[in-house]
Amino acid sequence: MICTRGQHFASVDALPSASWAVFFLAGALLRPLWALPALLLLSSLLDFGSLAAGTIGDWCLSPAYWALAFAYTALWLGGRFYARRLHDGGWRSVPRLALALVAAASVAYLLSKGGFYFFSGRYPDAELAGFLARVPHYYPRALGTLAGYAGAGLLLAALWQRLAARQPRRAAA
């Protein structure tokens, strides 16, 4: 998230933001509950730090900015639900992963993009029809980015677990 979010000292140009995937993966892979507020704080620090440094404008930092906290929480909960209820450790989990990603992404999209569209003040004549007209343009990209990063992250986690399982166990001394 640090490398792909906004324009700050650690940004990698031309990569889409990994923030949605980071929250989903954190929900799926990290046990401590404090991970969610820590990531929410990190994302805000990156955004406000970039604004203070003058590397981003204030377009997205509107009163609707705080809808992101709800969107990120939905992604985190989606990852947690997937890991605890849908994942079985095998390839049969892939369709369930896809379903969890679509469900979490849909809720996050409605909260973040809908929140921005209706409450940012950037669209004074905001109507449901106007928001719905934007969905086909922006939602597939958001879903694709989430799926790409989350798929890569979960694949790496699975490989790590397999490698760890193959390591010889050391006998307790």
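Accessible areas come from the Shrake-Rupley method with a 1.4 Å probe. I started with that term, then looked up the total for this predicted model. The protein chain exposes about 11000 Å², and carbon and sulfur atoms supply 68% of that area.

**Entry: the whole chain**

I looked up the secondary structure next. The protein chain has five helices and zero strands. Read along the sequence, the pattern is α-α-α-α-α. I noted the span of the C-alpha trace along its principal axes, which is about 65 × 35 × 30 Å. Of the 173 residues in the chain, 37% are buried. I also looked up the contacts with a separation of 6 or more, and 66% of these join residues 24 or more positions apart.

**Entry: the core**

Which residues have the most contacts inside the largest nonpolar core? I found Trp20, Phe23, Phe24, Leu75 and Leu146, in a core of 35 residues. At least two core residues come from each of H1 (19-29), H2 (35-53), H3 (67-86), H4 (94-119) and H5 (128-166). H4 supplies the largest share, with eight residues. I wrote a general remark beside this: in soluble globular proteins, nonpolar side chains tend to be buried together.

I then followed Trp20 to its partners. Leaving out residues up to four places away in sequence, Trp20 touches Tyr72, Leu75, Ala105, Ala108, Tyr109, Ser112, Ala142 and Leu146. Two of these partners, Leu75 and Leu146, are also on the list of core residues with the most contacts.

**Entry: Ala21**

Is Ala21 buried or exposed? Ala21 lies in helix H1. Its relative accessible area is 3%, and buried means under 20%, so Ala21 counts as buried. Beyond its neighbours within four places in sequence, Ala21 is in contact with Leu146, Tyr149 and Ala150. I looked at Ala150 again for the distance. Ala21 and Ala150 are 129 residues apart along the chain, yet their C-alpha atoms are separated by 5.2 Å.

**Entry: Asp47**

I looked up a charged residue, Asp47, which is found in helix H2. Asp47 has a relative accessible area of 10%, so by the 20% limit this residue is buried too. Which residues does Asp47 touch, not counting those up to four places away in sequence? I listed Arg5, Ile56, Leu61 and Tyr65.

**Entry: Ser62**

Ser62 sits in the loop between H2 and H3. Ser62 is buried, because its relative accessible area of 9% falls under 20%. Its contacts, not counting residues up to four places away in sequence, are Phe116, Ser120 and Arg122. For Phe116 I took the distance as well. Ser62 and Phe116 are 54 residues apart in sequence and 7.9 Å apart in space, C-alpha to C-alpha.

**Entry: a pocket**

I ended with the second largest pocket, which has a volume of about 720 Å³. Its lining has 24 residues, and those nearest its centre are Tyr82, His87, Leu154, Ala158 and Gln161. Which helix gives the most to the lining of this pocket? I found that H5 does, with eight residues. H1, H3, H4 and H5 each supply at least two residues of the lining. By type, the lining divides into 13 nonpolar, seven polar and four charged residues.

Notes
Residues numbered from 1 in each chain as written. Predicted model: local features only at pLDDT ≥ 70, side-chain atom pairs only at ≥ 80, totals over all residues. Heavy atoms only, no water. Core = buried A, V, L, I, M, F, W, Y, C linked by side-chain atoms within 4.5 Å. Buried < 20%, exposed > 50% of the residue type's maximum accessible area, 1.4 Å probe, protein only. Helix = DSSP H or I, 4+ residues; strand = E, 2+ residues; numbered from the N terminus. Contact = heavy atoms within 4.5 Å. 1 Å grid on protein atoms, 1.4 Å probe; cavity = no way out; pocket = protein on both sides within 12 Å on 5 of 7 lines; lining within 4 Å. Points joined across faces, edges and corners; volume = space filled by probe spheres on them.
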